[in-house]
Amino acid sequence: MAQEIERKFLVKDDSFKRQAFKSTRIIQGYLSSVPERTVRVRIKGEKGYLTVKGIGNASGASRFEWEMEIPKEDAENLLKICEPGVIDKTRYLVKNGDLTFEVDEFYGENEGLVIAEIELKSEDQAFEKPAWLGREVTGDTRFYNSMLMKNPFKNWKDQL
């Protein structure tokens, strides 16, 4: 099983869109959203995916992840039996040196939330922080997609 190391940040403004080299609409739901093992169903563009993630480490930056492409029709059918709540977002890919930020702009009940994630080779790997990058929220479970499904941003955005 692969280990995912990523850091998450809030995004200050939409200037990242001018730097994006690709954007894709994503719809996803969860067959299981317990922190020890989330099982996600995702439609990303014209493809379907099934992803299993383990619980994060103490910092929240590292966890095990397994993902497999599945037929889009299977993903559509699995979404029908997911837990209540759907994540709807556009993902923008933004180059940052040798790395790429994945910037998610959320819709629906999570409207107004924009989060940037960067995958790293190690938790302490240095990287340049673009001007549009805001406060780090790595390890803050409120910003996990599986939690945004249960307690959407609209319910607590005024607490930031």
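Guide: Let's start with L31, which sits in strand β2. Keep in mind that we're looking at a predicted model.

Visitor: Why is L31 called partly exposed?

Guide: Its relative accessibility comes out at 31%. Buried needs under 20% and exposed needs over 50%, so L31 at 31% lands in between and gets the label partly exposed.

Visitor: What does L31 touch, leaving out residues up to four places away in sequence?

Guide: With those left out, L31 touches V39, V41, L50, L78, I81, C82 and E83. Take L50: 19 residues separate it from L31 in sequence, and their C-alpha atoms are 9.7 Å apart. Contact, though, is judged on heavy atoms within 4.5 Å.

Visitor: And S32, why does that count as buried?

Guide: S32 has 18% relative accessibility. The cut-off for buried is under 20%, so S32 makes it. S32 also belongs to strand β2, which runs over residues 20-34.

Visitor: Which residues touch the most other members of the largest nonpolar core?

Guide: Of its 16 residues, those are F16, F101, V103, F127 and W132. Strands β1, β6, β7 and β8 each supply at least two residues of this core. Apart from it lies another core of twelve residues, including L10, Y30, I115 and F143.

Terms used. Residues are numbered from 1 along each chain as its sequence is written. This is a predicted model: local features need pLDDT of at least 70, side-chain atom pairs count only at pLDDT 80 or more; totals for chains, interfaces and linings use all residues. Side-chain values use heavy atoms; hydrogens and water are left out. Helices (H or I, at least four residues) and strands (E, at least two) are DSSP runs, numbered from the N terminus. Buried means under 20% relative accessible area, exposed over 50%, partly exposed in between (1.4 Å probe, protein chains only). A nonpolar core is a set of buried Ala, Val, Leu, Ile, Met, Phe, Trp, Tyr and Cys residues joined through side-chain atoms within 4.5 Å.
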